[in-house]
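Please keep the sequence and the model in view while reading.

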Amino acid sequence: MAALGREDLDLYSVEELDERIEGLKVEIARCERAREGKQSQKSAADALFSFKS
């Protein structure tokens with residue numbers, strides 16, 4: 001993760017930067033879907049194991 005922020009972007013052409021941006025958008029969407037799935041599982045587990053007095 002940290003390596004992305006340190007990479008020298010001056011080495012990329014405009015087209016390469018556009019491709020990189022699109023690839024990162026795809027990866028962000030994939031991470032968001034995974035997070036949503038994990039959040040749903042966590043919410044279900046919380047509901048199952050929460051005891052109301």
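Is glutamate 7 buried, partly exposed or exposed? Glutamate 7 is partly exposed, with a relative accessible area of 33%, where buried means under 20% relative accessible area, exposed over 50% and partly exposed in between, with a 1.4 Å probe and protein chains only.

## Basis of the model

This is a predicted model, in which local features need pLDDT of at least 70 and side-chain atom pairs count only at pLDDT 80 or more, while totals for chains, interfaces and linings use all residues. Residues are numbered from 1 along each chain as its sequence is written, and side-chain values use heavy atoms, with hydrogens and water left out.

## Salt bridges

Four salt bridges are present, each being a side-chain nitrogen of Lys or Arg within 4 Å of a carboxyl oxygen of Asp or Glu. One of them joins arginine 20 to glutamate 7 at 3.0 Å, N to O. Arginine 20 lies in helix α2 and glutamate 7 in the loop between α1 (2–6) and α2, so the pair ties together parts that are 13 residues apart in sequence; helices here are DSSP runs (H or I, at least four residues), numbered from the N terminus. Arginine 20 is buried, at 18% relative accessible area.

Another bridge links aspartate 46 with lysine 42 at 3.0 Å, N to O, and both residues lie in helix α2, four residues apart, about one turn of the helix. Aspartate 46 is partly exposed at 41%, and lysine 42 is likewise partly exposed at 47%.

Key: Helices (H or I, at least four residues) and strands (E, at least two) are DSSP runs, numbered from the N terminus.
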